[in-house]
Structure formats: C-alpha cells, structure tokens
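This report concerns packing inside one protein model. Please consider the sequence and the structure together.

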Amino acid sequence: MQGKTNPVTPAGFAAMKARYDHLLGTERPEIVEIVSWAAGNGDRSENGDYLYGRKRMREIDRELAHLARRMKTARVIDPAAQPDKTRAFFGATVTLADEDDNKKVVTLVGDDEQDASAGRIGWSSPLARALKGAAIGDLRSVRLPGGLKEWEVMAIAYA
C-alpha cells in the first residue's frame, strides 16, 4: 500500500495509537528487562527466557514498525462530517437485505479496524467497494466465494 492513504475513523486511529504506545512504553521495556536478566545468567543457547524474550522483542519491533507505517499514511475521516448522508460512504452503517429478506448491518471502516464478527468491514473489501455511493433502495451485487449475492440497501446511518 505504498503511496496510498489509509482511511481510518477517529476511534480506529486512537486504537492504533494506544496499541503503539502500549507496546513501546510498557511491553517492550518489560521484555528488554527479562532479556537483560536472562543474558546475565550465562549460557544463552539453552536459556528459555533469553530465547523467548528475543523472539518476542522481534515480534514487538515488527508490530511497532507496521503500526508506525499505518499511522503515517492514515487519513482520519470523521463519519459524522460526511456531507451527503443519503449515500453510503466511509463510516456509514448500512442495513442490507438479501433475496430471502435476511437482514445484515455493516459499518464501512478502515482496513485496520475491520472486524467481521462485529459487523465492521474494511473499506477495500468486496462488499464495501460494492456499497460505495449506494443510496437507500439500490441493489448491489457482490461476488463472494459461494457465488454472486445481491443485497438491497435498506437504511444508511452515520454515527
């Protein structure tokens, strides 16, 4: 995703920042302390605390770098400031109904804050791409692994 902006809600950006601050200010210093203590115990080749600590420190550093890149490219978009609230755009909560009248409620959020089990779908997901710009009453088709599925937009709301 180089060169692209990363749309994110204010809550999503705050969660990324909180995770970054926790890793940098709490978790990493704890691991550094454990590794330093374990290194002072002698033979490092069979020292589980040392080996696990080094592995965990690499994982933390990798996650910190990833979060830093994502926050650098983040473009915070407040859904409440959306000028056209009659159409589905970033941050919209959309109520959908399929052919069998099964209802589904999804919120279009940034890819970093997506959580399908909570109904938050990433901005670049197939369903979100199909819903961009949709108005109430529009029919949108989405190609899913099980085949083509058609949804009708029943309601659109912004927080």
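The text below treats a helix pair, a glycine and the nonpolar cores.

The model is predicted: local features need pLDDT of at least 70, side-chain atom pairs count only at pLDDT 80 or more, and totals for chains, interfaces and linings use all residues. Residues are numbered from 1 along each chain as its sequence is written, and side-chain values use heavy atoms, without hydrogens and water.

Helices (H or I, at least four residues) and strands (E, at least two) are DSSP runs, numbered from the N terminus. Helix H1 (residues 10-39) packs against helix H2 (residues 48-73) at about 155°, and their axes are 9 Å apart. H1 is therefore roughly antiparallel to H2 (the term applies to angles over 145 degrees).

Glycine 53 lies in helix H2. With 1% relative accessibility, glycine 53 counts as buried (under 20% relative accessible area, 1.4 Å probe, protein chains only). Beyond its neighbours within four places in sequence, glycine 53 is in contact (heavy atoms within 4.5 Å) with Ile31, Val35 and Gly48.

A nonpolar core is a set of buried Ala, Val, Leu, Ile, Met, Phe, Trp, Tyr and Cys residues joined through side-chain atoms within 4.5 Å.

| Core | Size | Residues, among them |
|---|---|---|
| Largest core | 20 residues | Val94, Leu96, Val106, Leu108 |
| Second, separate core | 13 residues | Val35, Ala39, Met57, Ile60 |

Leucine 108 touches residues including Phe89, Trp123 and Leu131, when residues up to four places away in sequence are not counted.

Note on methods:
Buried < 20%, exposed > 50% of the residue type's maximum accessible area, 1.4 Å probe, protein only. Axes fitted to C-alpha atoms, helices over the stretch in contact; angles between N-to-C directions. Parallel < 35°, antiparallel > 145°, perpendicular 65-115°, else oblique.
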